[in-house]
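Let's take a walk through this one together, a piece at a time.

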Amino acid sequence: MQVTEYKPKIVAFCCNWCSYAGADLAGNNRLAYPAEVKIIRVPCSCRVNPMFILRAFQRGADGVIICGCHPGDCHYTSGNYYTRRRMALLFSMLNYLGIEKERTRVEWVSAAEGAKFAATMNDFVQTVAALGENKRLEDLRCKL
Amino acid sequence: MQALTREVLLDRAKALFADGTVDRAYGWKRGEFDYDVTPGLFRSVEEMEKEFVFDDFCGANFSKYLVEETRKGEGKILVFLKPCDTYSFNQLLTEHRFDREKVYAVGIPCEGMADVTKLKAEAAEGIRSITAEKEGFVVHTLYDGDKTVPRTEGLSERCLVCKSKKHVAYDELLGEDGEVADSARFDEVARLEAMNADERFAFWQRELSRCIRCNACRDVCPACTCETCVFNNPNSGVESKAPVTSFEEQMFHIIRAFHVAGRCTDCGECSRVCPQHIPLHLLNRKFIKDINAFYGEYQAGAEVGSRAPLVNYTTADLEPGEAVQRGNEHA
Amino acid sequence: MRKIAVAKLDALFAAMAKTHTVYLPADGADGRAQYTRWEAGVVYSTALNTVRSAKDFFFPQTENLMDFKMEGKSIELIDTRDEGEDFIVFGVRACDVRSFDVLDRVFLAEPVDSYYAARRAHGVIFSMACTRPAETCFCKTFGIDAAEPAGDVACYIDADTLYLDAKTEKGEAVLAALGLEDSDTAAVDAQKALIRERLDALPLSGLSAAAFGGDKLDEYFERPEWKTLSETCLGCGTCTFVCPTCQCYDIRDFKTNTGVRRYRCWDSCMYSEFTKMSAGQPRLTQLERFRQRFMHKLVYYPANNDGIFGCVGCGRCLSRCPISMNIVKVMKTLGGKNV
């Protein structure tokens, strides 16, 4: 099947205090997740500006996932609550514009949840792979 | 036709100039034709007597001009505010964008403003003059005689679904205050939500691809008061003077709508000024509709000092995944 | 002079399309006319003015100049120009036809802009006389006769017949290949008289540009009226982007994933970052930017171009400006009784 041939490019914005450590734990525990996931470390999930997400799609990402601390566990008390509202509205808007809603996701992954990190990434990569390449939010110039 | 005449407004302005309450006034200036009214700053009663107008073509909202003008001079500025303008006025106050003490706001009722493009479309090219009569807009054309456009067909879209005839800010009110209306303004958003993703994408591609990136939507927007816009900032990496690809058109409009989400009062100026008639208000209204559905009813500008939904949260907010699902259920 | 029945327009466009790409005004999804590439099913719109002007064909909003590809330490230069196809722009109004002259004086003067020149060489202009000029029209002010549009072929639509009159060798060559029926000029002559009568009856027909010109710099530059005129200007680029003669552009580099694409795009003197240099923008306030645009059209351009004005009176800025400020109001305010 084509799904196994095609490897989507995934950008994962990971909070320094939880999900990034969760990714570390996944590695330490030798839990496999696809190499197509490119992690960008951010100080808090609420550092992620909607523009970052759109720019990732522009530059060739097929899916963007944002990982932060569980609600209530933010290192800065409330950052991820703001993330939750922003992304709820942004994702709903992208969906409204006809961008496939499966290409964006927010997951809460703590530093202890290495297994959840790997499982989340595996699932997200599979979901995006099934959609195929991102055509609707790409900038053709980047492909030169 | 408007409830108040030019003379009522002019007399009040004259009195305010005369007793020294104000030393300049924002008002609408007569154009070359009946419909091309220019927002302007008057510095004397004489100027106002000569050029001031108030009729069905006074759509321009003065709130944003106050941001810069209140920084100049010591005297007060008279500003006439239609009900929808008062929401922008309040929102700017909430964001501490101008000094309230330097403004004298006079609320005036509004019966809806005309959309000249609609009148031109209804009455072909060549308009000699337009008069507002009881039965509608009578367009005196150059070549096809007089044509009457029913009022409901000649009004701007934003006025047809007017959200409020109530003034939420003023120092004094001329005429009667109205009520917050039960508006059908989200119907068009719901219609889009009911489409499938491909149809929605096609719709927005068709609309946004006309964008010439003149920035009129941003420059007129009372919520867009950044000193340097991210799209003008050479260090932002997204500065661009032209939408080179469909991605750039989309990004500009998504980000702009997002930047005003929770602060947009739905005044509709963006769609009014768009030279390509892109229904930009449908982006803003989607955010407003979602905010209402997810976080409770919120009208930006309804009161000074209210906390905007995007700088607020509750621990029980819904997850982004659910939001996308619910945003699709047009209730 | 040649003629063809309006009912046979589709056949005419089909014949043209055999040798040229054909562009014509057609009503878009929003009901307003835009230049559209003709293919079966596209209907010619007689609307007076397209929203965007015809300058797009020769001076597009964005245009790729070249690509740079980087591999290791080597940089490869790629000329992105395509060969250029012959094309016909059908239905260009007299004002827009004049706008090409205005642009030519900028882009075809030494050093010649080869990108622009190539497009001009490949383009054939079919102009269209304006039987129903609008209240916003003032082409006569700048010596343009809408009854006698220039271009390679001048067209007239009278009742059910389209008349085509070749004005240049290029136009004649295209017409000859189409094998159209010959016609006398009686109907067109009558139409010209009607058009001139209508032009004289327009509300702006008395507008005169005589008070302006290349020698008027001192007279207008410091006028206090600029302040009130520009006071509520939003600083958007609508007027410049719908204008058929505005020709300012910026050249920018876009970093692709493997190299750089150099492109040029329209710029607007109304923008705060126009001609921004290391020391900033030379025109610090909107007053200066606003003045620049109108002084350029009415004074600077004629000073450098044998007195030809940089405005063609198409009226687009009159109907598109968000605050309804425009060149007519500027001329009347500054010129006073002389306008």
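**A sheet, some domains and a few contacts**

Start in chain C of this predicted model, where four strands make up an open sheet, ordered β5-β4-β12-β11, with antiparallel pairing. At the edges are β5 (74–79) and β11 (249–255) of chain C; each has a single partner strand, so one side of each is left without a neighbour in the sheet. Leaving direction aside, neighbouring strands here are turned by 20° against each other on average.

Now zoom in on one pair in that sheet. Strand β4 of chain C, residues 62–71, is joined to β5(C) by six bridges, and the two run antiparallel. To find your place along the pair, look for C:F68, which stands opposite C:L77 in β5(C). As background, strands of a sheet pair through backbone hydrogen bonds, either parallel or antiparallel.

Seven residues of chain C are in contact with six residues of chain A. Sorted by class, the chain C side of this contact has one nonpolar, four polar and two charged residues.

Next up is chain B. How is chain B divided? There is domain 1 (6–113 + 161–173), then domain 2 (117–149), then domain 3 (187–328). Take domain 1 and domain 2 of chain B: their C-alpha centres lie 28 Å apart. Where these two domains meet, five residues of domain 1 of chain B are in contact with four residues of domain 2 of chain B. On the domain 1 side, these divide into two nonpolar, no polar and three charged.

Chain B also meets chain A. How many residues does each chain bring to that contact? Chain B gives 34 residues and chain A gives 33 residues. On the chain B side, at least two residues each come from α8 (187–193), α9 (197–208), α11 (246–259), α13 and α14 (320–328). By class, that side of chain B has 21 nonpolar, six polar and seven charged residues.

Two helix pairs let you look at this contact up close. A handy way to describe two packed helices is by the angle between their axes and the distance between the axes.

From α3(A), the contact uses A:P50, A:M51, A:L54 and A:Q58, while α11(B) brings B:F247, B:M251, B:I254, B:I255 and B:F258. Split by class, the residues of this contact come out as eight nonpolar, one polar and no charged.

The crossing of α4(A) and α13(B) is right-handed. Which residues meet here? On α4(A) they are A:A88, A:L89, A:S92, A:M93 and A:Y96, and on α13(B) they are B:K286, B:F287, B:D290 and B:F294. The residues of this contact divide into six nonpolar, one polar and two charged.

How values were computed. Residues are numbered from 1 along each chain as its sequence is written. Chains are lettered from A and ligands numbered from 1 in the order in which they are written. This is a predicted model: local features need pLDDT of at least 70, side-chain atom pairs count only at pLDDT 80 or more; totals for chains, interfaces and linings use all residues. A crossing is left-handed if the near helix is turned anticlockwise from the far one by less than a right angle, and right-handed if clockwise. Ala, Val, Leu, Ile, Met, Phe, Trp, Tyr, Cys and Pro count as nonpolar, Asp, Glu, Lys and Arg as charged, and the others, Gly among them, as polar. Two strands pair if DSSP finds at least two bridges between them. Axes are lines fitted to C-alpha atoms, for helices over the stretch in contact, and angles run from 0 to 180 degrees between N-to-C directions. Domain bounds come from an automatic or database domain assignment.
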